[in-house]
Amino acid sequence: MNEEINPYPAPCPSGTCPRVPWTSRDVWVSAGILFFLLFLVAGSAFLLPALDAGLLLIGGELLFLLPVWWLGLRKHNASWNDLGLRNFAASSLGLGCGLMILSWGFNLVYSLMLAIYGLQVQPDIKLLFADISSPGWIFIAGVVIAPVVEEIIFRGFIFAGLRGRYGWKKAALISSALFALIHIQPLAVIPIFILGLIFAYLYQRSGSIWPAIIMHMSTNALALGAAYIVSEYFQV
């Protein structure tokens, strides 16, 4: 039985949440392809250690757009506008900032709890800057490319594709879980999952993925900026 495209349920603001032409089946197939591509990129990093980390990240992120293009844009003749790249109200940024502050507070408490047991949320990202001559590609990959690509994939395509069948709350949970798992950082699953929920909620409220992209960029910029400062000026 073919899957029908259903209207999005409340509380999506009237007129802001578009109907998308791809189905949940397309989403699940794309998720499988994404994890295959992830292992391909990870294998490349292992087999070709001389590759610049920043360029590898950029190439990997762009490669992840392949299933979105194939199963969304090409198969259903969809547009980038269908993926949530549309105008939004400025108030969405205020909501996003408030939610991100709460998220950073949770991350602080979570990090302190892990530190009691000698653990940290994610690998020491300042090591990214240890063996490279210029941090430019790392910042381009992490602050610009990754937020745009990941929000297109996980909110614009996956969340929107699941929302019509499962409702926006279940779609937010599923897309956030996939978002957390694809980062392959076990101790960071909970914080990344929470970020995914925030980004999905921002899309649900605004009808645009741009607020989530901007919040995603700010998070990555703060993390990478702090890591670079530590690696550059506070080496022991």
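**A close look at helix 1**

Modeller: Helix 1 has 24 residues and spans 35 Å from its first C-alpha to its last, close to the 34 Å expected at 1.5 Å a residue. That expected span is 1.5 Å times one less than the number of residues, and helices are DSSP runs of H or I with at least four residues, numbered from the N terminus. Please keep in mind that this is a predicted model, where local features need pLDDT of at least 70, side-chain atom pairs count only at pLDDT 80 or more, and totals for chains, interfaces and linings use all residues. Residues are numbered from 1 along each chain as its sequence is written, and side-chain values use heavy atoms, with hydrogens and water left out.

The protein has eight helices and zero strands. Of its 236 residues, 42% are buried, that is, under 20% relative accessible area, with exposed meaning over 50% and partly exposed in between (1.4 Å probe, protein chains only). In helix 1, the buried residues are Ser24, Asp26, Val27, Ser30, Ala31, Leu34, Leu37, Leu38 and Val41. They pack against helix 2, helix 3, helix 5 and helix 6, a contact being heavy atoms within 4.5 Å.

Lys75 sits in the loop between helix 3 and helix 4 while Asp26 is in helix 1, so the pair ties together parts 49 residues apart in sequence. A salt bridge here is a side-chain nitrogen of Lys or Arg within 4 Å of a carboxyl oxygen of Asp or Glu, and the structure holds two of them. The other partners are Glu151 and Arg155, with closest N and O atoms 2.8 Å apart. Both Glu151 and Arg155 are buried, and being four residues apart in helix 5, they are separated by about one helical turn.

Now for the end of helix 1. Phe46, Leu47, Leu48 and Leu51 form a nonpolar surface patch with about 480 Å² of accessible area together. Patches take residues with over 30% relative accessible area and no salt bridge, joining like charges within 9 Å and nonpolar side chains (Val, Leu, Ile, Met, Phe, Trp, Tyr) within 5 Å. Leu51 belongs to the loop between helix 1 and helix 2 and is partly exposed, at a relative accessible area of 42%.

Of its 50 residues, Trp22, Ile153, Phe154, Phe157, Ile158 and Phe199 touch the most other members. Helix 5 gives the largest share, eleven residues. In soluble globular proteins, nonpolar side chains tend to be buried together. Setting aside residues up to four places away in sequence, Phe199 touches Met100, Glu151, Arg155, Phe179, Ala212, Met215 and His216.

How values were computed
Areas by Shrake-Rupley, 256 points an atom, 1.4 Å probe, with all protein chains shown as cover. Helix = DSSP H or I, 4+ residues; strand = E, 2+ residues; numbered from the N terminus. Core = buried A, V, L, I, M, F, W, Y, C linked by side-chain atoms within 4.5 Å.
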